[in-house]
Each structure stands twice: as structure tokens, then as C-alpha cells.
Amino acid sequence: MMMPAMTSDSDPTDGVDRWGIMTTWIDADGKSQQVPTDLLASLRDVIGQPPAGLQATAPLVTRPGRDLGLGDVQIACEDGSTRHVSGSLPESFPLGYHAIKLPDGRERPLVVSPGRCVLPDNWRAWGWAVQLYAARSRRSWGIGDLADLKTLREWSQDIGAGFLLVNPLHAVALTTPIESSPYLPATRRFRNPLYLAVEQIAEATSVDISAARLQGRALNDEPLIDRDAVWRVKREALWQIFSATGPEEDFVSWRVAQASSLQNFATWCALTEHHGPDWRRWEQDLQDPGGDAVLRFSAENEEQVGFHAWLQWHLDRQLRAASEGFTIIQDLPIGVSAAGSDAWVWQDLLARDVSIGAPPDFFNSAGQEWGSPPHIPWRLNANNYQAFIDAIRATMAPTGGLRIDHVMGVFRLWWVMGESPVDGAYVRYPSEDLLDIVALESSRTGSIVVGEDLGTVEPGVRGALADHDVLSYRLLYFEDDAPRTWPAKSLAAVTTHDLPTVPGVWTGTDSTEQQTYTAVSAQEAKRGRDSLLERLGEPGELRPDSSADDAVLTAYSRLATAPSVLLSATLEDATGEERRPNMPGTTDRDNWCLPLPVALEDLPLNRLVTQLADRLRTAVTPSGT
């Protein structure tokens with residue numbers, strides 16, 4: 001879902017029709033492209049027309065000190081108080097989600113934001129980028145889990161790291177075959193029970209799960225992460241615990257506090273086990289989450305629905321225990337599966353028969369399609385941005401950090417409606433409102449926010465992100481300028497999950513894989529590898545007889561010269577892994593299924609891990625301390 005950074009020369013306001021579609025756009029060759037008339041008509045039909053009067057009741061997103069433009073109004077604040085405002089909001093007006101009382105008795109949502117995300121004062125830090133599923137310990141059940149995340153956090157703290165950056169932890173349909181990509185979740189509001197550490201559940205001591213423990217730990221010997229096998233073992237043990245112990249009072253209270261959102265999700269989970277993972281293929285009356293048939297199903301299957309709610313309770317508890325005040329930056333995917341829970345609940349907000357993606361560029365001549373339906377902008381607005389707020393809030397809490405995948409989607413998204421990603425157009429989104437909401441949620445949780453701005457970055461985007469204190473994402477592999485010139489408001493890294501590891505580049509393993517699994521020719525693979533090799537170090541730093549470990553240390557030493565507030569190293573590079581976690585555009589490669597070559601218990605003993613940590617720790621530690 002990531003592309004090398006480049007900018008278009010288009011004016012962001014040019015050629016936008018009243019549906020929010022950019023009728024013209026600038027391609028990777030700098031040429032102006034016109035959206036075909038028939039495609040434009042189809043997209044307009046999908047988007048539809050907002051109802052009359054929507055603007056008068058749509059959310060007003062603003063900041064203290066700004067004029068509301070409404071004259072004298074009464075505002076019902078979220079704390080229960082009522083305030084009178086004439087003209088501008090006072091600078092002392094409380095941040096939060098309020099409501100303007102309209103003369104006709106209706107209310108208009110008012111969102112008051114600080115406008116800037118949290119940035120710790122005088123704080124620089126380094127940390128690990130972790131694919132949690134890959135980070136197995138000897139006590140894991142075939143997959144890295146939240147107890148392993150806690151182990152990683154404690155070890156990282158001990159060696160001076162300040163954060164962890166983890167892959168999306170969101171839930172998928174737990175029906176076989178289980179979706180392996182963390183970037184195509186069923187929901188962005190709830191978490192994946194595969195990450196539960198079964199033995200860490202307190203009630204587990206009340207039942208005999210020894211057989212499941214043996215089966216689960218045996219899966220650590222498998223060369224790949226087998227999610228289907230892991231869930232078969234974990235589900236049986238979790239159901240055994242749930243059935244034998246019954247709901248605790250704390251769980252009951254927590255479940256009530258989550259209200260309809262958790263009930264809908266837990267019901268969807270139970271429905272998938274009866275009717276399959278795609279709600280669009282269920283009986284018609286089950287496709288309405290608020291319909292009588294779904295209510296009857298939920299009542300008739302309360303134990304099963306309660307089980308799935310109980311899983312989310314334990315996921316919340318274990319994630320909080322894993323972080324304990326340490327910054328864990330969770331990743332927010334750009335969208336969700338069209339078959340999943342969020343698409344079922346929010347189906348009226350999503351564009352059907354449309355997928356988000358990216359147009360062709362220098363690095364992907366066919367373009368990209370990511371399989372997630374986009375939100376229709378005016379419907380998102382009419383829903384008071386609740387779907388967006390819920391996704392941001394659920395992913396940000398309780399770990400103090402958020403990375404927004406493909407953050408350019410806050411500004412515009414490439415809608416694909418046709419046989420290939422070429423058949424698409426850009427659709428605009430209310431970026432100022434959305435970024436202010438991110439800033440408000442950041443201020444409430446004390447969370448740092450990173451925007452993955454590695455795609456086709458139009459003018460003004462990076463400036464807007466910086467104005468909101470959303471950190472840019474800078475890669476050694478992509479940037480032409482030396483790291484020492486990068487902005488301080490950034491997270492600096494060498495590579496990501498979609499790109500080659502340093503050992504993979506140095507040894508040529510990644511080039512071989514590209515030729516095996518993609519249409520990349522040997523010449524193209526060599527050209528790409530040569531380009532990356534040039535970026536690993538200054539001229540003369542690496543010799544032909546240098547080792548892969550030397551290449552890793554040289555690359556991160558160069559990265560460490562960046563003034564970026566955050567410096568990140570992948571555990572794949574640190575452990576000498578030659579294969580990248582994911583190779584975009586492939587279907588027969590073991591994407592998202594590769595475990596780290598080193599067990600968690602052995603990381604502190606690994607020479608390369610230790611040396612790499614020393615280099616980054618030295619870079620962020622003030623001289624003499």
C-alpha cells in the first residue's frame with residue numbers, strides 16, 4: 001500500500017466537481033489526464049447527491065478563538081454544561097465534542113480541536129518496527145502475541161528504546177482461510193483474537209489447557225505462521241475457559257460501556273461462524289445489522305456473541321498491560337475489507353463496487369488496487385465523522401501512538417471503478433476537519449501521530465501535516481537528500497514491511513525473489529538493487545566483501561544522522577532476515593507469514609541486534625548523559 005515519494009504539480013483545487021471528484025489529475029510523467037466521461041458519470045452516480053440542508057446540520061469542526069459564523073448560540077458541552085457564545089469561541093473554550101443548539105430545536109455537532117497533535121517537549125527516541133505476528137517466543141502458540149509484545153516492550157525499555165511501531169492489530173474474520181494481511185482488516189475498531197496470550201488470561205488456571213498448550217507451542221516449529229492452525233488451537237482453549245468460568249463482573253460492566261458498537265461486532269463474529277465471512281452473501285434479512293433477523297440471531301446465540309465480546313475485553317486488558325505507559329505506535333490501515341464488520345455496520349457510508357488504490361507510476365506501471373471500499377465524503381460528514389473518529393480512537397488507545405497508513409487518503413483517494421487500477425479518479429476529502437479530529441484525539445490520549453506520506457504526495461500535503469504536528473515518514477531508500485537535511489518532525493527509517501530488508505538488498509536475495517514472484521525482469525531487478533545499494537552508505541563505506549551485517553550497521557549509522565524526532569529500525573534488519581514481510585503485487589508468496597529468524601528470548605544475545613541498538617541509542621542520547 002506504499003509507493004516511493006514523489007510530488008505532482010497539480011493545484012489541489014483544480015478540476016474538482018461538486019461531487020468532490022477531480023476531473024483532471026497529473027500522472028507520474030507530469031502529464032495532465034482527463035477522467036473519461038463515462039467513468040465520471042458512474043462515479044457521480046455512486047456518490048450521489050447530499051440531501052438539502054445537510055450543511056446546516058453537518059459537524060462544525062473548529063478551534064478555540066475562531067469565529068463560528070453563527071452569531072449568538074447556546075452550546076451544550078459534553079460535560080453537561082451549557083455555554084453562550086457570541087461570534088468567536090473563547091480561547092479557554094474546552095476541547096471536545098459538543099453540540100450547538102439550533103433555533104428549530106435541532107442540534108449541530110461542534111468539534112473543538114487544538115489543531116495540533118501531541119509532540120513531547122525536548123524528546124527524541126529510537127525504537128523497533130515490529131511485525132508482532134512474526135515475533136515469536138518459545139512460549140508462543142505459533143504466533144507472536146500480546147504477551148510477546150510486553151516482553152518486547154520491557155526489553156526495549158531496558159536498552160533505552162522509547163517506542164515500538166507495530167503492524168495493525170485489527171480483527172479479521174476468523175473463518176478459514178484466515179486473512180493474513182494486517183492491512184485488509186474486517187474492522188478498524190476491534191482487535192484480532194489471534195494475538196491473545198491464552199495462558200495470560202487469569203481464568204486459564206481454572207481449567208486444564210495443557211493439551212492445547214502443547215499443540216500451540218509445537219506450532220513454533222513451523223517455518224511459517226499458520227493462522228488457521230493457530231486459531232483452531234487457541235479458539236478451543238479460549239472457549240473452554242469462557243464456558244467454564246462464566247462472565248466476571250468487570251467484563252459485564254466493560255461490555256455495557258462499549259454499547260452497540262461491541263454488540264454489533266460480536267454479533268457479526270458469531271454470524272460469520274454460521275454463515276461465512278462475507279456479509280454480502282448472507283441471507284438478505286441478515287444483511288441489515290439493525291434488522292429483526294439479526295436481533296433474533298443475537299438473542300438465540302447470546303453465549304457465542306458473549307464469547308466474542310469477552311475476547312475483546314481480554315485483548316484490551318492485555319494490550320494495556322503490554323504498553324504500561326510506553327509508546328507503542330499502532331498502525332491504522334487506509335480501509336477495511338468490503339466483506340467485513342465495519343463494512344456491514346457502515347454500509348450506507350461506503351461506495352459499492354469501488355475500491356481504493358493508486359494510479360500507475362514509475363514504480364508500478366499497472367497501478368494498485370487495495371480491495372477496500374472508500375467512504376463517500378458527504379455521507380461520512382452526515383454521519384458526524386463517527387466512523388473516522390471510532391477508527392482513530394480505537395487504534396490510538398491505549399498505547400500512546402498512531403501511524404496513519406497512506407495519510408494522503410485524508411486529502412484525496414484514488415477510486416478504482418473498472419477492470420484495472422487505471423480506471424479510476426481522485427476524490428477529495430475534508431482534510432482540515434479530519435486532521436483536526438486526529439489532533440483532538442491525540443490531545444486526549446497524549447498520543448504521537450505519524451503520517452505515512454510515501455505515495456504520490458501532492459503540493460500542500462506535507463505542509464498541512466506539519467501544521468498539525470503529524471510526523472512525516474522519511475525512508476533512506478526513498479529520499480534523495482541526505483538524512484541530516486530531513487525535517488525534525490518526522491519518523492526516520494531505512495525500509496518498511498513492503499520494501500526489501502537491508503540483508504535482502506545486500507545479498508541479492510530480494511532481487512531473486514522479485515524475479516520469481518513478479519513480472520520484474522532481471523535487468524529491472526538489478527537496476528532497483530543498485531539504486532538501493534547506493535543509499536546504504538556514503539561512497540567507499542561499503543566494499544564488495546563487506547558482510548550483510550556491515551551493510552545493516554552502515555545504513556543505520558547513516559540514518560542516525562537525521563534530526564528526526566523518531567528513529568526506527570526493523571527487527572528484520574536487526575536479525576539479519578533477508579526476506580521482506582510483504583512483496584506487494586504477489587499472490588503466491590508467503591506474505592505476512594514469515595517469523596523472525598531469532599526467538600524473542602535470544603534477541604538480547606544477538607550481536608547485530610546489540611550493535612544496532614547501540615548506534616541508535618547513541619544518536620538520540622544527548623552528549624555526556
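Mentor: Let us begin with a definition: helices and strands are DSSP runs, numbered from the N terminus, and a strand has at least two residues. Please keep in mind throughout that this is a predicted model.

Trainee: In which strand is Ser 490 found?

Mentor: A strand is a DSSP run of at least two residues. The run that covers residues 490-493 includes Ser 490, and its name is strand S18.

Trainee: Is Ser 490 buried or exposed?

Mentor: Leaving aside neighbours within four places in sequence, Ser 490 is in contact with Leu 471, Ser 472, Arg 474, Ser 564, Val 565 and Leu 566. The cut-off for a buried residue is under 20% relative accessible area. Because the relative accessibility of Ser 490 is 0%, this residue counts as buried.

Trainee: How many of the 12 residues of H17 are buried?

Mentor: Helix H17 covers residues 548-559, and its end C-alpha atoms are 17 Å apart, which agrees with the 16 Å that its 12 residues should span. Among the buried residues of H17 are Ala 548, Val 552, Tyr 556 and Leu 559, and what covers the buried residues includes S18, helix H14, helix H16 and helix H19. The helix is mostly covered, and the number of its residues that are buried is nine.

Trainee: What angle lies between the planes of Phe 242 and Trp 310?

Mentor: A search of the whole structure finds 15 aromatic pairs. In one of them, Phe 242 and Trp 310 are 5.3 Å apart, centre to centre. Pairs with planes under 30 degrees apart count as stacked and those over 60 as edge-to-face, with the rest as tilted, and this pair is tilted, with an angle of 55°.

Trainee: How many residues apart are Phe 242 and Trp 310?

Mentor: Phe 242 lies in helix H5 and Trp 310 in helix H8, so the pair links distant parts of the chain. Phe 242 is buried at 9% relative accessibility, and Trp 310 is buried at 0%. Ring pairs also link these two with Trp 239 and Phe 307 into a cluster.

Trainee: Which helix holds Arg 255, the salt-bridge partner of Glu 302?

Mentor: The count for the structure comes to 37 salt bridges, and in the one between Glu 302 and Arg 255 the closest N and O atoms are 3.0 Å apart. Glu 302 is partly exposed at 36% relative accessibility, whereas Arg 255 is buried, with a relative accessible area of 19%. The pair links distant parts of the chain, with Glu 302 in helix H8 and Arg 255 in helix H6.

Trainee: Which helix holds both Asp 510 and Glu 513?

Mentor: Arg 580 meets Asp 510 in a salt bridge at 2.8 Å, N to O, and Arg 589 meets Glu 513 in another at 3.0 Å. Arg 580 is buried at 6% relative accessible area and Asp 510 at 2%, while Arg 589 and Glu 513 are buried as well. Arg 580 and Arg 589 lie in the loop between H18 and H19, and their partners are in helix H15.

Trainee: Over the face of which residue does Arg 403 lie?

Mentor: Arg 403 is linked with Asp 331, Asp 405 and Glu 452 in a network of salt bridges. Arg 403 also lies at 4.9 Å from a ring centre, and the ring belongs to Tyr 473.

Definitions and conventions: Residues are numbered from 1 along each chain as its sequence is written. This is a predicted model: local features need pLDDT of at least 70, side-chain atom pairs count only at pLDDT 80 or more; totals for chains, interfaces and linings use all residues. Side-chain values use heavy atoms; hydrogens and water are left out. Rings of Phe, Tyr and Trp (its six-membered ring) pair if their centres lie within 6.5 Å; planes under 30 degrees apart count as stacked, over 60 as edge-to-face and the rest as tilted. Helices (H or I, at least four residues) and strands (E, at least two) are DSSP runs, numbered from the N terminus. Buried means under 20% relative accessible area, exposed over 50%, partly exposed in between (1.4 Å probe, protein chains only). A charge sits over a ring if NZ of Lys or CZ of Arg is within 6 Å of the ring centre and within 35 degrees of the ring normal. Contact means heavy atoms within 4.5 Å. The expected span of a helix is 1.5 Å times one less than its number of residues. A salt bridge is a side-chain nitrogen of Lys or Arg within 4 Å of a carboxyl oxygen of Asp or Glu.
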